[in-house]
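Please examine the sequence and the three-dimensional structure shown here. The report is written for a reader who meets them for the first time.

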Amino acid sequence: MPRLLIVIASMFLSFTATAVEVTDLYQDVLKVSDKSRDARLSASREALLNVLVKVSGDPNADKNPTAQQRSKDISEYMLKFEYDEKADGQLNLVVKFEANKINALIKELNLPLWGTRRPLVAIWLAIEDNWRRELVTQESYPQLEQLIYSTAARRGLPVVVPLLDLQDRALVGIPEVWGNFSEPVELASSRYSAERSITARLYKQPNSEVWLLDWRFTNDELFEANRVTGDKQQAIALMIDSLAAGLANEYAVDPNSTTQLAQAVFKLKGTNNFVDIELAKRQLQSLSVVTQVTIISRTAEVVSFALNHTGSMHDLQKALELDRAFKPFVDPRAFYPVAAQNDLEYQWVGL
C-alpha cells in the first residue's frame with residue numbers, strides 16, 4: 001500500500017494543470033466475505049449509494065430514501081462487476097456503474113452534479129502529541145497518511161500529502177503549518193500543481209482525551225472556521241468529508257438549474273490544425289455541464305463553438321476553470337493584460 005500511495009503522489013506531481021480528472025467516480029470497491037449472490041447484491045447496493053455520494057459531493061446522498069429504494073434495482077445501473085482477491089486472502093468486489101444512468105438518477109434525486117475534473121488539494125497536517133509537534137508524512141505517520149488518501153478516494157477528491165523533503169522544508173516547517181502562514185504554504189504547494197491548499201493542526205485540549213482538528217484553506221480568513229473532534233482517525237476522516245462537501249458546494253452544478261438548457265459561444269484561440277480543433281471539441285463535450293458542441297465558425301486565429309449547457313454561465317466557467325486543456329485568453333497587446341470576466345474567450349493549451 002505505501003508503494004501505491006507513492007505512485008499516486010507521483011501521478012499528481014506529473015500534472016501541470018490546476019485540476020485532476022477523477023477516473024473512478026462511477027465505481028466502488030468493497031470488501032466481501034465470499035462470492036455468493038447475496039453478498040454480491042448487498043455490496044453492490046452499498047456501492048451504488050457510495051457512488052451517489054462521490055458523484056454528487058453530497059455526504060448525505062446515500063441516506064436519501066429514494067436512492068435507497070433505487071438501489072434495490074441494482075442491475076438497472078450496473079455496468080459490470082469483478083472480484084479482486086488479495087495475497088492475504090481479502091476478497092474485494094469492484095462494481096462499475098453506467099455514468100449516464102447515475103447522472104440521470106442524480107438529477108431525479110435533485111442532487112448536485114460534480115464533474116470528473118476536480119481541484120487537487122495539498123494537505124499540510126501538523127500533530128501535537130505529548131507536547132511534541134510533527135508534520136504528517138508517509139514516514140512519520142504512515143497510517144494517518146494512508147487514511148487521508150483512502151478517505152479522499154471514497155469522496156472522489158484528489159489530494160496530495162506533501163513529501164516534506166528538503167525542497168519542501170526549505171519553505172515550510174511546523175510553525176508555518178501550525179500558524180497557517182499562507183504564502184510559504186501556497187508556494188510549496190505549487191510544486192505539486194495543487195489548485196487549493198489547506199493547513200490543519202490536530203491536538204488535545206488540556207486534561208482531555210478528545211482530539212481537536214482545526215483546518216482551513218490558506219486563502220481563508222479564520223483558522224478556527226472549520227473544527228472537528230473525535231479520535232485521530234475520526235477527526236481526519238471528518239476533515240476530509242467536510243473539505244469534500246465544501247468543494248462540491250463550490251464546483252458542483254446547481255441541481256435547480258440543471259434542467260434549464262442554455263447556449264453560449266465559446267471562442268478558442270491557439271488551435272493549429274484540424275486535430276487540435278477535434279481534440280478541443282471532444283474535450284468540451286466531456287465537461288459535465290455541456291450537452292452539445294457545434295463548430296459555428298473558423299478563422300486563422302479563432303474557432304467559435306456553440307455550447308449547449310446545463311446550469312448557469314458561472315457553472316460553465318467553473319467547469320472550464322478546472323480543465324487543463326484551456327486557459328482564459330489574455331490579450332498580450334493590452335496595456336493591462338487581463339482575462340475577460342464574462343466572455344468565453346480561451347486559449348488552447350492542449351492535452
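The sections below go from the whole chain to its sheets, helices and individual residues.

## Basis of the report

This is a predicted model, in which local features need pLDDT of at least 70 and side-chain atom pairs count only at pLDDT 80 or more, while totals for chains, interfaces and linings use all residues. Residues are numbered from 1 along each chain as its sequence is written, and side-chain values use heavy atoms, with hydrogens and water left out.

## The chain as a whole

The secondary structure of the protein chain consists of eleven helices and 16 strands. Helices (H or I, at least four residues) and strands (E, at least two) are DSSP runs, numbered from the N terminus. Of the 351 residues in the protein chain, 48% count as buried. Buried means under 20% relative accessible area, exposed over 50%, and partly exposed in between, with a 1.4 Å probe and protein chains only.

The protein chain exposes about 18100 Å², and carbon and sulfur atoms supply 49% of that area. Accessible areas come from the Shrake-Rupley method with a 1.4 Å probe; for residues, only the protein chains shown count as cover. Among contacts in the protein chain with a separation of 6 or more, 66% involve residues 24 or more positions apart. Contact means heavy atoms within 4.5 Å.

## The three-stranded sheet

An open sheet of three strands has the order E2-E4-E3, and its pairing is antiparallel. Its edge strands are E2 (27-32) and E3, each of which pairs on one side only. Neighbouring strands of this sheet are turned by 20 degrees against each other on average, direction ignored. Two strands pair if DSSP finds at least two bridges between them.

Strand E3 (residues 78-85) and strand E4 (residues 91-97) are joined in the antiparallel sense over seven bridges. Within this pair, Phe-81 has Val-95 in E4 as its bridge partner, and Glu-85 stands opposite Leu-91 in E4. E3 and E4 form a hairpin with five residues between them, and Gly-89 in the turn has a positive phi of about 95 degrees.

Helix H2 lies across E2, E3 and E4, and runs at about 140 degrees to E2. Axes are lines fitted to C-alpha atoms, for helices over the stretch in contact, and angles run from 0 to 180 degrees between N-to-C directions.

Helix H2 (residues 37-56) also packs with helix H4 (residues 99-108), at an angle of about 75 degrees and with their axes 11 Å apart. H2 is therefore roughly perpendicular to H4, a term for angles of 65 to 115 degrees; under 35 counts as roughly parallel, over 145 as roughly antiparallel and the rest as oblique. In this packing, Leu-48, Val-51, Leu-52, Val-55 and Ser-56 of H2 meet Ile-102, Asn-103, Leu-105 and Ile-106 of H4. The residues of the contact of H2 with H4 divide into seven nonpolar, two polar and no charged. Ala, Val, Leu, Ile, Met, Phe, Trp, Tyr, Cys and Pro count as nonpolar, Asp, Glu, Lys and Arg as charged, and the others, Gly among them, as polar.

## The five-stranded sheet

Another open sheet has five strands in the order E13-E14-E12-E16-E15, with mixed pairing. Strand E13 (290-298) and strand E15 (326-328) stand at the edges with a single partner strand each, so one side of each is left without a neighbour in the sheet. The twist averages 35 degrees from one strand to the next.

E15 and strand E16 (residues 345-348) run antiparallel and are joined by three bridges; the bridge partner of Pro-328 is Tyr-346 in E16. Helix H10 (residues 274-285) lies across strand E12 (262-269), E13, strand E14 (302-309), E15 and E16, and runs at about 150 degrees to E13.

## Individual residues

Asn-130 is placed in the loop between strand E6 (121-129) and strand E7 (132-135). Its phi is near 55 degrees, a positive value in a residue other than glycine, and Asn-130 counts as exposed because its relative accessibility is 70%. Leu-164 is placed in the loop between strand E8 (159-160) and helix H6 (166-169). Leu-164 likewise has a phi near 55 degrees, a positive value in a residue other than glycine, but Leu-164 is buried, with a relative accessible area of 8%.

Glu-145 lies in helix H5 (residues 142-154) and counts as buried because its relative accessibility is 5%. Glu-145 and Val-160 are 15 residues apart in sequence and 9.5 Å apart in space, C-alpha to C-alpha.
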